[in-house]
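Student: Hey, I've just opened this one. Can you walk me through a few bits of it?

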Amino acid sequence: MAALQEVDFIWKNGEVIPWGEATTHVLSHTLHYGSGVFEGIRCYKNPETGASYVFRLRDHMERLHRSCKISMIDLPYSVDELCEATLEIIRANKLSACYIRPLVYRGYGSMGVDPTGAPVDVIIAVWPWDSYLGPEALEKGVAVGVSSWRQRSINAIPPAVKSVASYMNSIFAKLEAKSHGYDEAIMLNETGHVCEGTGENLFIVRNGVLSTPPLSDGLLEGITRDSILTIAADMFEAEELDVYPIEESLTRSDLYIADEVFMTGSAAELTPVSSVDDRQVGAGSAGEVTKALQARFFDVVYGNVEDYRDWLTEL
């Protein structure tokens, strides 16, 4: 995992403060009980025009609000205020491309499972960050293993909440995968159907169909996932892609016999999978559908496709 690259400022509770002063008390509620929610967003710089865009900023902040509502966290900032704060902190750090991490957490003020009395703190941090699974992975793909750890059920921690606590499960799966020599893990749900990676949604291509598990199978409602479903459907309608996207439950065997597998997420972007449990996927690198969607996705985030400009917030 890449080390954090420090920048000058972080936005916290309505103020832009120096990076080193963005601290919290060691007895903050979320540090002990995981009672926080967050987002992961990217700002892209068009390599040709030099223009910078935050990808689906408002959609991310709306999801953050939904996570707070489900978690009964009183978020003291509107979607509009959070969007403006994001642009403010990127500009303050003079960044043209970056990763963006909003975090809402319960701070110092109470101890115990009941969070009543703990104040709500909100931060937005930004920093330069390459593709989550490595720049080479975008072409060569990553080796993944199906984890022995199952994803939490819908009635445990709701998958609609992008919560700090949810990712303890992902940590277990990630460390297990690394110990077995894999780059990433895939988790099944409690019924044994394919759910998601440790921080990514999954797609497969087989027999002319592009498939991804439905939300009812317990996965996070990924914004990049939604983007790829939309882009793929539009490309199919324009006869630029031979496969149509659908949502359907997938089994472990479907991963083994797929023609292509790829993972999506704000951090991972669109990363091909080269093998699953030591079984090579396709040619062992990005397949033709993956490449086509990857190319269109980056065209979209760089602002080169007019049809999707409403997904972009110019810096």
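**A few helices and a strand**

Tutor: The expected span is 1.5 Å times one less than the number of residues, and helices (H or I, at least four residues) and strands (E, at least two) are DSSP runs numbered from the N terminus. This is a predicted model, where local features need pLDDT of at least 70, side-chain atom pairs count only at pLDDT 80 or more, and totals for chains, interfaces and linings use all residues. Residues are numbered from 1 along each chain as its sequence is written, and side-chain values use heavy atoms, with hydrogens and water left out.

Student: Which residues of H6 are buried?

Tutor: Among them are Ile223, Ile228, Leu229, Ile231 and Met235. Buried means under 20% relative accessible area, exposed over 50%, and partly exposed in between (1.4 Å probe, protein chains only).

Student: And what comes just after H6?

Tutor: Glutamate 239, which has a positive phi of about 60°.

Student: OK, switching to H5. Which residues are buried there?

Tutor: In H5, Asn169, Ser170, Ala173, Lys174, Glu176 and Ala177 are buried. Looking down the axis of H5, these buried residues fall within an arc of 165°, so they line one face of the helix. That arc is taken from the directions from the helix axis to the C-beta atoms.

Student: Why would residues spaced along a helix point the same way?

Tutor: An α-helix has 3.6 residues a turn, so residues three or four places apart point the same way.

Student: What's on the other side of H5, and what covers the buried residues?

Tutor: Leu175, Lys178 and Ser179 are exposed on the other side of H5. The cover over its buried residues includes strand E9 (184-188), with contact meaning heavy atoms within 4.5 Å.

Student: New topic: how do H2 and H3 cross?

Tutor: The axes of H2 (residues 57-71) and H3 (residues 79-92) come within 9 Å and cross at roughly 125°. Axes are lines fitted to C-alpha atoms, for helices over the stretch in contact, and angles run from 0 to 180 degrees between N-to-C directions.

Student: Which residues make that contact?

Tutor: Including Leu57, Met61 and His65 of H2, and Val79, Cys83 and Leu87 of H3.

Student: Last one: is glutamate 196 buried or exposed?

Tutor: Glutamate 196 is buried, with a relative accessible area of 6%. It's found in strand E10 (residues 194-197).
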